[in-house]
Amino acid sequence: MLIDMTIANFKSVKEPQTISFEAVRDGRLDASKVVAVNDKLNLIRTAAIIGPNGAGKSTFIRALEALKFIITAADDAENPLRILAGTAFQYDPQSKIEPATINLRVVLDKGTGNDDSVIAVYTLKATYKKIFEETLYHIIGRSKKLMFERKIDDASLLADDDSDVTYKYRWGKMYRGEKKRLVGKLDAQHSFLSASAHKGGETSSMLYRWVDFNLHILPMGVSQASEKYLADMIEAHKDWVEQLKNFLWALDITDIRDVRVQNGRVIFIHTNVTQHYASYFSTESLSLRRLCLMGIAFFESFTVGRTLVIDDFGMLLHPYVLAHIVEIFEACNRGFGSQMLVVDCNPSLLKSGLLRRDGVYFAEKSSESSTVYFSLANYKFSRSKDKTQAQYMAGAFGALPLLSEFTFVDASDKEV
């Protein structure tokens, strides 16, 4: 499970900003929406980033995508760091030449019985040319243990030729995996975590598997990649077809009798009182395709642990449907510790009782055009008189668009 992630100098974010799933201690908040990791740590299931267009809500998602791309890149990938090209904060001359920073905290093992929980703390600092710092710690119980540390040598900071970059390494006593021989083969563009995991390193493989398998960043739902994912999951889980029909029925899509896969393509069978017809995934409405993708991703998260990340969550969806999807995820998500992070500008996510207040983050731009994230939990409220949605629309929390009048003036309409 994802505890939190902090990013700095990445796209619209300049100073360090954190989105956290860690539940605050407040008896007024719904305890049923929380998963206990240990006696000190509880995590919420569903979190949302809300704010106006252009505020940098999706910057956090782009950072997750970049981190996943860099960590899971193949050993022979030319330069995985290329995904960081142009991502440094552009409005500050100093920031433009400094590395982006991404820090991730993840629960690798909740622990059972007498076994302590294991939490990974991973930090990556890099530009699109080279890695400056990479560290991995494990928090075992209440003790923080170094696994490995990789920092660029001071003499290499100003090196123009990345082939001349050298690093200083440290390994903790509990690190298990290839060390010095691997270092000699590693260049400045590839992460040690990735290289070690590909070599079967026990320590690195734990976090690598979480990023590769458990972190699921959904596509928009309208591409060939989306159809392939949908087809593969239906082929692997035949019983999910009935589940998918019921899911769509619950969202007021009641005319689909069957969903089939033929030659890798998804086919929908529609029916009404007089006739039925078949249609391909690519010819269906964009909203139906998106809902099917979300539904199948939900089913997977209900059977194995996943951290689902959905950008533009409300795109093409009715506000009532959007809120009900969250309700379905919360109601069916039991036992595997799955989570969902959504990004949207729709205030329907602020419906009373839908999300815990510590699961709601607002995004807005500061005076220097950098994105700032802040939690709804920072504001006082009364459980008996929850008017969060109306208060937000009235501007109580900020993170609203500033609107002004606009009139189009055609050149031919101007007086001479």
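## Close-up views of a predicted model

L215 has T307 in β15 as its bridge partner. Strands β11 and β15 (residues 307-310) run parallel, with 3 bridges between them. Strands here are DSSP runs of E with at least two residues, helices are runs of H or I with at least four, and both are numbered from the N terminus. Two strands count as paired if DSSP finds at least two bridges between them. A word on the model itself: it is predicted, so local features need pLDDT of at least 70 and side-chain atom pairs count only at pLDDT 80 or more, while totals for chains, interfaces and linings use all residues. Residues are numbered from 1 along each chain as its sequence is written, and side-chain values use heavy atoms, with hydrogens and water left out.

**Six strands form an open sheet with mixed pairing.** Going across, the order is β11-β15-β16-β5-β17-β18. At the edges are β11 (215-217) and β18 (371-375), each of which pairs on one side only. On average, neighbouring strands of this sheet are turned by 20° against each other, with direction ignored. For these angles, axes are lines fitted to C-alpha atoms (for helices, over the stretch in contact), and values run from 0 to 180 degrees between N-to-C directions.

**Helices α1 and α8 lie across strands of the sheet.** Helix α1 (residues 59-72) lies across β5 (46-50), β11, β15, β16 (339-344) and β18, and runs at about 125° to β11. In the loop between β15 and α8 you will find D312. Its phi is near 45°, a positive value in a residue other than glycine. D312 has 32% relative accessibility and therefore counts as partly exposed; the cut-offs are under 20% relative accessible area for buried, over 50% for exposed, and in between for partly exposed (1.4 Å probe, protein chains only).

**One face of helix α6 is lined by buried residues.** In α6 (residues 240-250), the buried residues are W240, V241, L244, K245, F247 and L248. Looking down the axis of α6, these residues fall within an arc of 160°, so they line one face of the helix. The arc is taken from the directions from the helix axis to the C-beta atoms. An α-helix has 3.6 residues a turn, so residues three or four places apart point the same way. The cover over the buried residues of α6 includes α5 (224-236), β12 (256-262), α7 (286-303) and α8 (319-332), where contact means heavy atoms within 4.5 Å. Just after α6, D252 has a positive phi of about 75°.

**β8 and β9 pair as an antiparallel hairpin.** Strand β8 (residues 131-140) and strand β9 (residues 143-152) are joined over 8 bridges. Y137 stands opposite L146 in β9. The hairpin has 2 residues between the strands, and G141 takes a positive phi near 65° there. On to the next strand: β9 and β10 (residues 167-171) run antiparallel and share 5 bridges, with I152 opposite Y167 in β10.

**T135 is buried in strand β8.** T135 has 5% relative accessibility, so it counts as buried. Leaving out residues up to four places away in sequence, T135 touches V121, Y122, T123, F148, E149 and R150.

**The second largest pocket has a volume of about 310 Å³.** Of its 16 lining residues, M1, V107, L108, W210 and N214 are the closest to the pocket centre. Two elements give two or more residues to the lining: β6 (100-109) and α4 (202-214). The largest share, 5 residues, comes from α4. On a 1 Å grid over the protein atoms alone, a pocket is an open set of points with protein on both sides within 12 Å along at least five of seven lines, and a cavity is a set where a 1.4 Å probe fits but cannot get out; lining residues have an atom within 4 Å of a point. Points are joined across faces, edges and corners, and the volume is the space filled by probe spheres set on them.

**A399 is buried and has a positive phi.** A399 lies in the segment after α9 (388-393). Its phi is about 55°, although A399 is not a glycine. The relative accessible area of A399 is 2%.
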